[in-house]
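Take a look at the sequence and the fold before reading on.

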Amino acid sequence: MAAFVTTAMCGVPTKVGVVQQAKADILKAVAHPIRLSIVEMLGEGERCACKICDAFSCDRTTVSKHLAVLKALGVIEDRKEGLFVFYRLRMRCLLPFLVCLEHQVMGGAECGCVDALDDEA
């Protein structure tokens, strides 16, 4: 992933630019189809790395690299149990966002996000 910016981006103050870049890095990571599937899978609960790998037709090394990208950005976390590594979703806030996106992709149905935001205001 790209390193955080240390100078202003297009007139955006440096601190704001760093935060925006970090958010963009997370969204770019989750935007990959395999990583998106991993996030949704882990949204259902913790999984062993071997079970995650079994869900994809690509080789284990490729899946391992995807897991490393998500872990490096704090999207997922892992724990070791003997020889096994288990992964779980750390950024659970991504799940409602992904549900909203799915509603939009599947026909533009209202997902409730706007109503929930209106209730908070």
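What share of the contacts in the protein chain with a separation of 6 or more comes from residues 24 or more positions apart? Such residues account for 44% of those contacts. Keep in mind that this is a predicted model. The briefing starts with the whole chain, then turns to a helix pair, a histidine and a sheet.

**Overall make-up**
- The protein chain has six helices and three strands.
- Along the sequence, these elements follow the pattern α-α-β-α-α-β-β-α-α.
- The chain has 121 residues, and 28% of them count as buried.

**Helices α2 and α5**
- Helix α2 covers residues 33-43, and helix α5 covers residues 94-105.
- The axes of α2 and α5 come within 10 Å. They cross at roughly 115 degrees.
- This crossing of α2 and α5 is left-handed.
- On the α2 side, the contact is made by Leu 36, Val 39, Glu 40 and Gly 43.
- On the α5 side, Leu 94, Leu 95, Leu 98 and Glu 102 take part.
- Sorted by class, the contact of α2 with α5 has five nonpolar residues, one polar residue and two charged residues.

**His 66**
- His 66 is found in helix α4, which spans residues 60-72.
- Is His 66 buried or exposed? Its relative accessible area is 8%. The cut-off for buried is under 20%, so His 66 counts as buried.
- The side chain of His 66 makes a polar contact with the side chain of Arg 35, at 3.0 Å.
- Leaving aside neighbours within four places in sequence, His 66 is in contact with His 32, Ile 34, Arg 35 and Ile 38.

- Three strands form an open sheet in the order β1-β3-β2. Their pairing is antiparallel.
- Which strands lie at the edges? They are β1 (47-48) and β2 (76-81), and each pairs on one side only.
- In the order of the sheet, β3 stands between β1 and β2.
- Strand β3 takes in residues 84-89. Two bridges join β1 to β3, and these two strands run antiparallel.
- Cys 48 has Phe 86 of β3 as its bridge partner.
- In general, strands of a sheet pair through backbone hydrogen bonds, either parallel or antiparallel.

Technical notes
Residues numbered from 1 in each chain as written. Predicted model: local features only at pLDDT ≥ 70, side-chain atom pairs only at ≥ 80, totals over all residues. Heavy atoms only, no water. Axes fitted to C-alpha atoms, helices over the stretch in contact; angles between N-to-C directions. Helix = DSSP H or I, 4+ residues; strand = E, 2+ residues; numbered from the N terminus. Left-handed = near helix turned anticlockwise from the far one by under 90°. Contact = heavy atoms within 4.5 Å. Nonpolar A, V, L, I, M, F, W, Y, C, P; charged D, E, K, R; others polar. Buried < 20%, exposed > 50% of the residue type's maximum accessible area, 1.4 Å probe, protein only. Polar contact = N/O pair within 3.5 Å; in protein donor to acceptor, adjacent residues only side chain to side chain. Pairing = 2+ DSSP bridges.
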